[in-house]
Amino acid sequence: MTQLLEFFSREMEQLGAGRRDFLEIGRRAGHFPSAIARGGPGGEREISVWCSNDYLGMGQAPFVLDAVKDAVDRFGAGSGGSRNISGTNRYHVLLERELADLHGKESALLFSTGYTANDGALSILAGRAGDTIVFSDEKNHASLIDGIRHSRAEKRIFRHNDTAHLTELLAAADPAKSKLIVFESVYSMDGDIAPLAEIARIAKEFGATTYVDEVHAIGMYGPRGAGIAAREGLADEFTVVMGTLAKAFGTIGGYVAGPAPLIEAVRAYSRSFIFTTSLPPAIAAGALAAVRHLIGSEVERTRLRDNAQLLHRLLDERAIPYISPMSHIVSVFIGDERLCRQASALLLQRYGIYVQPIDAPSVPAGAAILRVAPSATHDTTDVEKFATAIDDVWRELEIPRASR
């Protein structure tokens, strides 16, 4: 056994119960949130999924599936190369134009994933000028953190959603240096929303460029599904918006949209854009169908909002603690990692409800949650059954309840 193999063998053994197990899920197109689970106690069984990021059900929408199938028949399974080398298809171009228009920006650029979009864009936007200081929210996603790290720019971390601290850090920074503020509109673990109006005001005061990650808002909030900034009438106040195709649009991929010179710089220099195979044309075609549908439809957004509000109310009635009522992400707080895993297991085994427990490093140690995601594909009865089930689990495991 080599030293490296010995190290990791020992480390995984020590990890023990903290090792990540994956439940195999077969989503049933046309019937989701119903899915077939394989593996784990009980073998194969039908379950209801309550932790999917396919918030609006676009991953199974017939018009999305038709667009994917048609593109496969026309262009095959893959793109055949990077965007620079034979891998640019008509659907990539059309999708970038549609996304730029959605956000009212000059230009947009597709990446293979949301993670590579943040990593690739920020490594250039924060690092290329050589004199930029980045101001990053302490709860920013790992992809934002990695993009900032790879840029090698100076960085200042401000306390989560604390605009007074952000102002203090900006005021103390060298006025001659460029400044870039990086934050999320909806935070993926807590489900809370950034104070966008105040951040926009502060950015203007200090002449800072802004980069807002709207991954968990695009398609679900604002006019035409353009996000939280658009909902608040502030879309024009933020320089670059980053989004994903893997949440509301039900496929995979990421993008950035903004002023043409910035997007062109990312296109020209970003390693995670240049040195990777582009999205399959069929995926771009499916995403394009989803984007165009959600631009004109309020049905899915309304259903998602109603389900989230109903779940908030039912959890409040049962004193089940959750972190924030501000969005569709309902992070039910447990704290103790062992209890959180037990609660998740009970919900699955007894009620056929699948909610993945979330612990470190996705959340701080001792702050484990059940990250619940009611979707537009759930109905009122589903939400009511979920609330009853989680109340029963709370009682059986004697998990602390919220103070009334």
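This is a predicted model: local features need pLDDT of at least 70, side-chain atom pairs count only at pLDDT 80 or more; totals for chains, interfaces and linings use all residues.

Trainee: OK, so where does Arg156 fall, buried or exposed or in between?

Mentor: Arg156 has a relative accessible area of 27%, so it counts as partly exposed. Arg156 also forms a salt bridge with Glu154, with the closest N and O atoms 2.9 Å apart. Glu154 is partly exposed too, at 30%.

Trainee: How many salt bridges are there in the whole structure?

Mentor: A search finds 27. One of them pairs the side chains of Arg27 and Asp54, at 3.0 Å from N to O.

Trainee: Which parts does that pair tie together?

Mentor: Arg27 is in strand E1, and Asp54 is in the loop between strand E3 and helix H2, so the bridge ties together parts 27 residues apart in sequence. Arg27 is partly exposed at 38%, while Asp54 is buried at 5%.

Trainee: Switching topic: where is Ser278?

Mentor: In the loop between helix H10 and helix H11. Ser278 counts as buried, because its relative accessibility is 8%.

Trainee: And what does the Ser278 side chain make a polar contact with?

Mentor: The side chain of Ser79, at 2.8 Å. Ser278 also touches other residues, including Arg83, His92 and Ser112.

Trainee: Last one: which residues make the nonpolar surface patch of about 310 Å²?

Mentor: Leu4, Phe7 and Phe8. Phe7 lies in helix H1 and is partly exposed at 37%.

Methods. Residues are numbered from 1 along each chain as its sequence is written. Side-chain values use heavy atoms; hydrogens and water are left out. Helices (H or I, at least four residues) and strands (E, at least two) are DSSP runs, numbered from the N terminus. Buried means under 20% relative accessible area, exposed over 50%, partly exposed in between (1.4 Å probe, protein chains only). A polar contact is a pair of N or O atoms within 3.5 Å; within protein, one must be able to donate a hydrogen and the other to accept it, and residues adjacent in sequence count only if both atoms are side-chain atoms. Contact means heavy atoms within 4.5 Å. Patches are made of residues with over 30% relative accessible area and no salt bridge: like charges are joined within 9 Å, nonpolar side chains (Val, Leu, Ile, Met, Phe, Trp, Tyr) within 5 Å. Accessible areas come from the Shrake-Rupley method with a 1.4 Å probe; for residues, only the protein chains shown count as cover. A salt bridge is a side-chain nitrogen of Lys or Arg within 4 Å of a carboxyl oxygen of Asp or Glu. Lists of a residue's contacts leave out its neighbours within four places in sequence.
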